[in-house]
Amino acid sequence: MAKPKRIGILTSGGDSPGLNAAIRGVGKAALGFYGMTLVGFRDGFRGLAEDRKMPLEKDTLAGILTIGGTILGASRDKPHRMVIDGRTRDMTDVIKDNYKKWGLDCVVCLGGGGTQKNALRLHQAGLNVITLPKTIDNDVAMTDATFGFATALDIATDTLDRLHSTAHSHHRIIVAEIMGHRAGWLTLGAGIAGGADVILIPEIPYDVVKIAEAIKRRSRRGTNFSIVAVAEGAMSRDDARAITAAEKKLERAKTLHDKKEAKIEIATLEVRHAGNTMRLAKHLEELTELESRVTILGYVQRGGTPCAADRILATRLGSACADLINAEHYGVMVAARGDDTEAVPLERVAGKRKIVPVDHSWIQTARHVGTCLGD
Ligand code: F6P
């Protein structure tokens, strides 16, 4: 009889609700259904490099479905550029040795865009790897959905609902900053569900004068409050132009010196962008003469119990992952495709980002109900 497969699992990147549900989904199907064995690696790829493990048995997997965060811990460490004792090292060979030493047949990596790239690197280095897509940003390419998004969407929507009543009482503008540096799915979704009057996302650079006009139009109609849902990466047209120019410079750079210069320029612009929401609120106050306040939702959006939709998605993807391991179908991400799942080669996922297309139906919907998108 063939030796039962031995699987490693890790959670990498920012945490998101549903990670434990996914670990349980992979684990229950792998252990209970296929008779495999499972070991967890702590704190993302770092655990794999530093050989820090956690046994995952039926008992450990029980009772974690509803728990937020990840029982394995997470980090944003990359296998090929990891700080060890104060020195940045390529840990790929160390990881390969540990993989062999532990007799692993496959490593399952749960993570967002960065994790897909790192997993592909390990796959290209000779490891059997499968990934699952998680992130509250919903921006992983080639999958209909990522787990964590639905829960964060509920949290952000609930917050907008609460902000509505206080904005209404005080006749104020409340600017609510929602997570998402590069993709506006969460802000757009919560903005529609929470009836925001203005929705600002990274994909549509805004003009603050146009936003102020929309708010003033509401005032003239007798509604003296407004909710502005702004993604953390949303930018004014001028800022977007500057960053696009710097990114183009980086793409065109031929020498190391030019690359370095362009990277410094991008980093400087990004640093300048921090605090953008506060400046936006101040600017709107000046232009509309309405008092403005800011609420930054922050990490509340990533914490706590996953909603039912995320539990189902994480469990579906996890159990499909065990099927793929059983079939020895490696080097893929388990994508959500309608009611089904699909194994997508990591090469087609890594380095890509699913942003909101400007002609997406959610954008049309927001416009049709009179929401200002800042353009
Ligand atoms: O990628 C998910 C995300 O929550 C983003 O929306 C946010 O910008 C980022 O992570 C914050 O990351 P960190 O945990 O490193 O502060």
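The views below show a predicted model.

**View 1. Residues around the ligand.** The ligand is surrounded by Arg76, Thr135, Ile136, Asp137, Met179, Gly180, His181, Glu232, Tyr299 and Arg302. By residue class, this shell divides into four charged, three polar and three nonpolar residues.

**View 2. Polar side-chain atoms at the ligand oxygens.** Arg76 places a polar side-chain atom 2.8 Å from an oxygen atom of the ligand. For Glu232, an N or O atom of the side chain is 2.4 Å from a ligand oxygen. Tyr299 has a polar side-chain atom that lies 2.4 Å from an oxygen atom of the ligand. Of the 400 Å² that the ligand exposes when taken alone, the protein buries 73%.

**View 3. The seven-stranded sheet.** Seven strands make up an open sheet with mixed pairing, and their order is β3-β2-β1-β6-β7-β12-β13. At the edges stand β3 (53-55) and β13 (340-345), each of which pairs on one side only. From one strand to the next, the twist averages 30 degrees.

**View 4. Strands β6 and β7, with helix α12.** Strand β6 (residues 106-111) runs parallel to β7 (residues 129-133), and five bridges join the two. Within this pair, Val108 stands opposite Ile130 of β7. Helix α12 (residues 308-326) packs on the sheet, where it touches β1 (6-11), β6, β7, β12 (332-337) and β13. The direction of α12 makes about 135 degrees with that of β12.

**View 5. Two loop residues with positive phi.** Most residues other than glycine have a negative phi. Asp51 is not a glycine, yet its phi is positive, at about 60 degrees. This residue, Asp51, is found in the loop between α2 (45-50) and β3. Met142, also a residue other than glycine, has a positive phi near 70 degrees. The loop that holds Met142 runs between β7 and α6 (149-170).

**View 6. The four-stranded sheet.** Four strands form an open sheet in the order β9-β10-β8-β11, and the pairing is parallel. The edge strands β9 (198-200) and β11 (292-296) each have a single partner strand, so one side of each is left without a neighbour in the sheet. The twist in this sheet averages 15 degrees from one strand to the next.

View 7. Five bridges link β8 (residues 173-178) to β11 in the parallel sense. Val175 has Val294 in β11 as its bridge partner. Helix α7 (residues 185-193) lies across β8, β9 and β10 (226-231), and runs at about 170 degrees to β9. Helix α11 (residues 276-288) also packs on the sheet, touching β8, β9, β10 and β11. The direction of α11 makes about 160 degrees with that of β8.

Conventions. Residues are numbered from 1 along each chain as its sequence is written. This is a predicted model: local features need pLDDT of at least 70, side-chain atom pairs count only at pLDDT 80 or more; totals for chains, interfaces and linings use all residues. Side-chain values use heavy atoms; hydrogens and water are left out. A residue is near a molecule or strand if one of its heavy atoms lies within 4 Å of it. A polar contact is a pair of N or O atoms within 3.5 Å; within protein, one must be able to donate a hydrogen and the other to accept it, and residues adjacent in sequence count only if both atoms are side-chain atoms. Accessible areas come from the Shrake-Rupley method with a 1.4 Å probe; for residues, only the protein chains shown count as cover. Ala, Val, Leu, Ile, Met, Phe, Trp, Tyr, Cys and Pro count as nonpolar, Asp, Glu, Lys and Arg as charged, and the others, Gly among them, as polar. Two strands pair if DSSP finds at least two bridges between them. Axes are lines fitted to C-alpha atoms, for helices over the stretch in contact, and angles run from 0 to 180 degrees between N-to-C directions. Contact means heavy atoms within 4.5 Å.
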